[in-house]
Amino acid sequence: MSRNLPKKIVLIAFFAVVCAIVLVPFYAIALGSFKPGKELVRNGLNLSFDLSVMSFDNFSFLFTGDHSYFTWFFNSVLLTVVQVALTLFVSSFVAYGFAAYEFKGKNFLFICVLLIMMVPFEILLLPLYKLTYDLGLMNSYSAIILPGLANAATVFFFRQYLRSIPNEIITAGRVDGASEYGIYFRLILPVMKPAFAAMGILNGMNSWNNLLWPFMVLSDENKYTLPIGLKTLLTPYGNNYDLLIVGSFFSILPIFALFVAFQKYFIDGMTAGSVKG
Amino acid sequence: MVKRFLYSQKVAPYVFVLPFILVFLLFWVYPLGSSVGMSFQKITLGQSASWVGFANYAKLMGDGIFLKAVMNSVVYMVLTIVILVPFPMLFAVLINSKWMWAREFFKSAFFLPALTSVVVAGTIFRLMFGEMDTSLINSFLGLFGIEPIKFLKGQTTGFIALLALATWRWTGVNMLYFLSGLKNIPEDYYEAASIDGASSFQKFTRITVPMLKPTTIYVITISIYAGLAMFIESMMLWNGNNSPKNIGLTIVGYLYRQGIEKSDMGYAASVGIVLLVVAMAINLAQLAFTGMFKKED
């Protein structure tokens with residue numbers, strides 16, 4: 001036992017140092033949220049714990065000031081919830097089709113799913129922008145939700161997950177006289193809960209943090225999501241830093257809280273893509 | 001009658017996959033096709049387009065700023081792979097070792113940066129890498145007597161900031177990928193190697209690294225994709241798409257600049273097509289080189 005003690009100490013010391021480096025930026029922004037914006041523009045973000053410049057002013061401005069922060073915050077919550085719910089439902093519906101049946105064209109369609117996962121979404125930005133403009137969907141949440149409805153990575157994960165569910169469930173359902181859709185809704189959906197949790201979290205994180213595409217299609221300030229709103233605070237003049245830093249700090253908190261509560265699902269969701277099928 | 005048709009076992013699978021087919025056609029095939037078409041046109045939003053043949057592509061080849069953007073994206077991609085494959089792999093192996101304490105704590109702590117949005121992380125890093133002597137990185141370097149550096153004004157130092165941001169956000173995630181890969185290595189392999197008198201280092205190079213190959217391929221594949229398509233990180237770090245002398249300009253940044261900021265959609269579309277071809281080529285080459293196709297039968 002004691003022979004291994006030095007190894008343990010070296011390991012722990014090493015990870016403690018790396019961990020401290022990883023956490024420094026969080027500590028810095030937490031400190032920064034108590035400092036006036038002017039101070040941040042003048043001195044940058046640092047670790048000085050100077051009580052003479054620190055106060056709760058930013059927080060009281062965040063909660064009582066005249067700005068749209070909480071409009072953006074609730075837009076983000078709403079968009080994330082709707083987007084995740086729809087994406088999970090549609091993707092699982094599609095995945096069930098791939099997992100439960102043999103049909104003509106199945107392999108070709110599944111290759112299309114894989115292909116989507118390999119094409120950078122960014123190259124479609126302009127034609128999608130043009131399409132959104134032509135369809136009259138500019139400045140609407142539909143423009144953000146629709147393209148991701150049958151999310152390829154989510155379909156892929158659900159299909160892998162469904163393959164581990166015994167076929168007898170489906171056969172038994174048919175014997176009991178359930179329709180093809182009844183089997184999906186009443187027998188399959190309930191057993192997919194863990195997969196929903198993992199993909200819900202992965203999609204939720206992406207949706208909550210999504211910037212580029214929403215930034216391109218939304219122009220009405222009252223429809224902005226939190227990342228867009230925060231980005232607009234970054235003017236070249238640096239006059240919004242009071243709200244920017246405290247708002248950035250505050251935007252991390254809900255997702256941290258969710259992470260602490262559902263840690264296992266977060267990690268499952270993040271590593272789901274690497275599971276070989 | 002219609003109901004019986006839709007509910008038959010032959011038709012049901014198509015009903016199930018129909019949403020995918022619709023989304024695929026409307027939001028992937030059509031835009032991709034129109035992107036190819038647009039790249040051969042001179043086009044402005046709301047106006048009629050004209051065909052210009054390969055003019056956009058010819059212009060691209062002589063466009064120094066575009067070549068700079070390609071260079072930046074490729075260098076960024078290569079460097080993120082060089083950093084974000086070996087270190088997370090090593091961390092995963094160390095954290096998995098039997099001498100490790102508080103595994104779950106460290107795993108969670110390393111994962112936290114992945115939860116922040118690029119907007120927030122980019123803002124934090126921009127201010128940490130500020131050019132004043134009081135900003136975090138410069139004040140740290142000052143402890144060693146190093147003069148304050150204007151990180152975001154120079155090519156190399158700007159890339160250091162960019163890579164620091166990527167490393168901070170993705171080390172924990174890649175580590176988790178490698179940890180899940182490690183779970184698939186049978187314990188007996190290590191026991192057998194121990195009996196043969198293999199050292200820890202030999203076990204790492206002869207068993208762990210080869211057995212982690214599928215995970216490594218996966219991590220490299222997503223890094224190629226993410227590296228070549230990087231844009232927002234640069235945009236946040238330089239507070240806009242205009243870094244000094246384009247030191248932070250990426251392919252997608254150039255696509256955005258031409259298509260959205262300058263409304264030259266045809267030219268921007270050709271940038272997108274080049275990105276698509278480069279991404280596909282590198283990915284397929286990587287998969288062929290690592291023997292991925294042989295394994296899938």
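This is a predicted model: local features need pLDDT of at least 70, side-chain atom pairs count only at pLDDT 80 or more; totals for chains, interfaces and linings use all residues.
## Confidence in the model

For the complex as a whole, the predictor gives an ipTM of 0.87 and a pTM of 0.89. Chain A has a mean pLDDT of 87, with 95% of its residues at 70 or more, while chain B averages 89, with 96% of the residues scoring at least 70.

In chain A, the lowest mean belongs to helix H15 (residues 263-271), at 74, and the highest to helix H4 (residues 69-100), at 94. In chain B, helix H16 (residues 292-295) has the lowest mean pLDDT among the elements, at 55, whereas helix H4 (residues 64-84) of chain B has the highest, at 96.

## Domains of the two chains

The domain assignment divides chain A into domain 1, covering residues 2-64, and domain 2, covering residues 69-232; the C-alpha centres of these two domains of chain A lie 36 Å apart. Chain B is likewise given a domain 1, at residues 1-29, and a domain 2, at residues 40-295, and the centres of the two domains of chain B, taken over C-alpha atoms, are separated by 38 Å.

## The overall form of chain B

Chain B contains 16 helices and 2 strands, and its C-alpha trace spans about 70 × 70 × 35 Å along the principal axes. Its radius of gyration is 24 Å, whereas a compact globule of 297 residues would have a value near 19 Å.

Of the 297 residues in chain B, 41% count as buried. If one takes the contacts in chain B with a separation of 6 or more, 65% of them are between residues 24 or more positions apart.

## Where the chains meet

How many residues of chain A are in contact with chain B? There are 73 residues of chain A in contact with 73 residues of chain B, and on the chain A side helix H1 (residues 5-32) gives the most, with 12 residues. Sorted by class, this side of chain A has 54 nonpolar, 12 polar and 7 charged residues.

The largest nonpolar core has 145 residues, and those with the most contacts inside it are Val94(A), Val155(A), Ile124(B), Met128(B), Ile251(B) and Val271(B). The largest share of this core, 12 residues, comes from H4(A).

Is Ser207(A) buried or exposed? Ser207(A), which lies in helix H11 (residues 193-209) of chain A, is buried because 21 other C-beta atoms lie within 10 Å, and the cut-off for a buried residue is 20 or more. Beyond residues up to four places away in sequence, Ser207(A) touches Leu79(A), Thr80(A), Gln83(A) and Val84(A). The C-alpha atoms of Ser207(A) and Leu40(A), which are 167 residues apart along the chain, are separated by 29 Å.

Val53(A) lies in the loop between helix H2 (37-43) and helix H3 (57-64) of chain A, and Val53(A) counts as partly exposed, with 13 C-beta neighbours inside 10 Å.

## Positive phi angles in chain B

Most residues other than glycine have a negative phi. Against that background, Ala102(B) has a positive phi, near 50°. Ala102(B) is found in the loop between helix H5 (86-96) and helix H6 (103-111) of chain B, and Ala102(B) is partly exposed, with 14 other C-beta atoms within 10 Å.

Ser263(B) is another residue other than glycine with a positive phi, in this case near 55°. The position of Ser263(B) is in the loop between helix H14 (251-261) and helix H15 (265-289) of chain B. Why does Ser263(B) count as partly exposed? Ser263(B) has 14 C-beta neighbours inside 10 Å, and a residue counts as buried at 20 or more such atoms and as exposed at 12 or fewer, so a value in between is called partly exposed.

Methods:
Residues are numbered from 1 along each chain as its sequence is written. Chains are lettered from A and ligands numbered from 1 in the order in which they are written. Domain bounds come from an automatic or database domain assignment. pLDDT is the predictor's confidence in each residue, from 0 to 100. Helices (H or I, at least four residues) and strands (E, at least two) are DSSP runs, numbered from the N terminus. A nonpolar core is a set of buried Ala, Val, Leu, Ile, Met, Phe, Trp, Tyr and Cys residues joined through C-beta atoms within 7 Å. Two residues are in contact if their C-beta atoms, placed from the backbone, lie within 7 Å. Ala, Val, Leu, Ile, Met, Phe, Trp, Tyr, Cys and Pro count as nonpolar, Asp, Glu, Lys and Arg as charged, and the others, Gly among them, as polar. The radius of gyration is taken over C-alpha atoms; the globule rule is 2.2 Å times the number of residues to the power 0.38.
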